[in-house]
Amino acid sequence: MLKHPGKVGDYLYRMMLALQHRGTDSAGVAIYTDKKLGEDEYILMVQVLDKPGAIGKVGDAIGRAGGNIRDIQVKISKGGGFGIDRYVIRAKDLPTLKRIVEEVDATGIGKVFSYGQSIQVIKETGLVENLEASYGISSMRGTHGIGHVRFSTESRVDHHHAHPFHTGSNPDIAVVHNGQITNYHKVRRGLERRGFTFVTENDTECIVHFIVDKLQQKFSLEEALEASVEELDGPFSYIIATSTAIGVARDKLGLRPAMIARDRSGYFIASEECALVVCKDPNPKYLGPGEVCVYELKGS
Amino acid sequence: MSSRVVDAAKMSPREINQLLRKARGKIRLINPNSAHFLAAGLRNSLKIEIDGSAGYYLGTCMHGPVIHINGNAGWYAGDNITDGVVIIDGSGGDGVGQGMYNGTIVVRKNCGSRTGQLMKGGTVIVGGNSGYMTGLYAFGGKIIICGDVEHSAGESIMGGAIYVGGKIASLGKNAVAQKVAT
């Protein structure tokens, strides 16, 4: 998280490169833009198959559900076959926005990776360098962001199972995670009964719904993270981002690492110290077992 | 004897260790970039100065070398060493000295959790505090913590001793606390 808006993408790119050895299955980022949109404007990041008429079909779906496209940026993956397109749309309210997401997903041509007023999720299988070559993440500006390199332990390797995970229940929230949630099935069942829809079998998706559930019950972000340490089992550390904050939590036994550092430019969190070389903190600290930490944007 | 200086900036851990294996006398490693497994399995008489931080498993399974690092070390520094010395001017991560048989590890600042877990012999000295479950399952050796230790100190300890200069948050199973006469 930067103290002043800047090249968040560049920081994340360099941090993820330093951590590439931790996982080569997939890479992804969620970067929160500092460009303010209108009150009824939203960013949709959509993975679109590279087929004739694809953008038209996605555009139709958006229109059918009541959305009004204001801008499209198309980027094709260097691996071929698809791209991740950035739509700015106007939607009158949140239920309309959710309908738009459902319509786009139902086309079979497009799949929404994220939606909100500042979040931009870009992710795919492969290395960090591939992500950079396709989407130029290092040039993306913003206020804060999270990134991940994946070594799959629980579910299959494909673009949709890459991190970050964004929840359809709430705009602008995403999670990256290291570890396993061993009571995933039990927690998932409880959340599904409360109305949350899961779209993968990845245990990370459980974390983001869990936190959103707590936020909807008026927990603060810090309280929601503390609840996760109590209620989620297994070895884990994860970073969650909202439009105005970043939080990090570590399991009670401290079985997965999380380090934090700060300097004049901002606050940095990573699994290992080698990623914190982007920061001029001579004393990066390990988050203790069971500890949580939240950073909020100034003025939020 | 003057040190040979090696710039590790563009070297993989394997390349660094292959070079260290052939070295004699003194060597200074700069730009280690928190690489993992530095000095793994070394048996040669060597004094290594590391200018920066190391990643996980610094000096794992080594027998004999003396390592001095002016930065921090990640998890499991001195893992399973059978002899030698590791001196860390900064902080250590979790599991410093895990499973060690002999030798000495010094961390001038703080350590994470499970310091000295499963150790059989040797000495770990920590200038600051040590985390949760210090001395977990230790069979022997000495852990000396100048500061405080967190919860479950000496959890399931079977042998050896943990000396604490500061406060003990709580004791683990099997651990019995005794005041040492000064």
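This is a predicted model: local features need pLDDT of at least 70, side-chain atom pairs count only at pLDDT 80 or more; totals for chains, interfaces and linings use all residues.
Residues are numbered from 1 along each chain as its sequence is written, and chains are lettered from A and ligands numbered from 1 in the order in which they are written. Local features need pLDDT of at least 70 and side-chain atom pairs count only at pLDDT 80 or more, whereas totals for chains, interfaces and linings use all residues; side-chain values use heavy atoms, with hydrogens and water left out.

In chain A, helix α1 (residues 8-18) packs with helix α4 (residues 128-135) at an angle of about 155°, and the axes are 9 Å apart. Helices are DSSP runs of H or I with at least four residues, strands are runs of E with at least two, and both are numbered from the N terminus. Axes are lines fitted to C-alpha atoms, for helices over the stretch in contact, and angles run from 0 to 180 degrees between N-to-C directions. The angle makes α1(A) roughly antiparallel to α4(A), a term for angles over 145 degrees. Contact (heavy atoms within 4.5 Å) joins A:Tyr13, A:Met16 and A:Leu17 of α1(A) to A:Val128, A:Glu129, A:Leu131 and A:Glu132 of α4(A). Five of the residues in this contact are nonpolar, none is polar and two are charged; Ala, Val, Leu, Ile, Met, Phe, Trp, Tyr, Cys and Pro count as nonpolar, Asp, Glu, Lys and Arg as charged, and the others, Gly among them, as polar.

The buried residues of α1(A) include A:Leu12, A:Tyr13 and A:Met16, where buried means under 20% relative accessible area with a 1.4 Å probe and protein chains only. The buried residues of this helix pack against β1 (26-32), α4, β7 (144-150) and β13 (266-270) of chain A. In α4(A), A:Val128, A:Leu131, A:Glu132, A:Ser134 and A:Tyr135 are buried, and their cover includes α1, β1, β4 (82-90), β6 (119-125) and β7 of chain A. A:Gly136, with a positive phi near 60°, follows α4(A).

A:Val29 belongs to strand β1 of chain A and is buried, with a relative accessible area of 0%. Among the residues that A:Val29 touches, beyond those up to four places away in sequence, are A:Leu12, A:Met16, A:Leu131 and A:Ile146. The C-alpha atoms of A:Val29 and A:His148 are 6.5 Å apart, although the two residues are 119 apart in sequence.

Elsewhere in chain A, the charged end of A:Lys123 sits over the ring of A:Phe165, 4.6 Å from its centre. A:Lys123 also lies over the face of A:Phe113, at 5.2 Å from the ring centre. A charge sits over a ring if NZ of Lys or CZ of Arg is within 6 Å of the ring centre and within 35 degrees of the ring normal.

Seven aromatic pairs are found over all chains. Rings of Phe, Tyr and Trp (its six-membered ring) pair if their centres lie within 6.5 Å; planes under 30 degrees apart count as stacked, over 60 as edge-to-face and the rest as tilted. B:Tyr56 and B:Trp75 are stacked, at 5.8 Å centre to centre and 20° between the planes. B:Tyr56 lies in the loop between β3 (46-51) and β4 (63-69) of chain B, and B:Trp75, 19 residues away, in the loop between β4 and β5 (83-88). The ring centres of B:Trp75 and B:Tyr76 are 5.9 Å apart with the planes at 80°, so this pair is edge-to-face. Both B:Trp75 and B:Tyr76 are buried. One aromatic cluster is formed by B:Phe37, B:Tyr56, B:Tyr57, B:Trp75 and B:Tyr76.

Definitions and conventions:
Buried means under 20% relative accessible area, exposed over 50%, partly exposed in between (1.4 Å probe, protein chains only). Angles under 35 degrees count as roughly parallel, over 145 as roughly antiparallel, 65 to 115 as roughly perpendicular and the rest as oblique.
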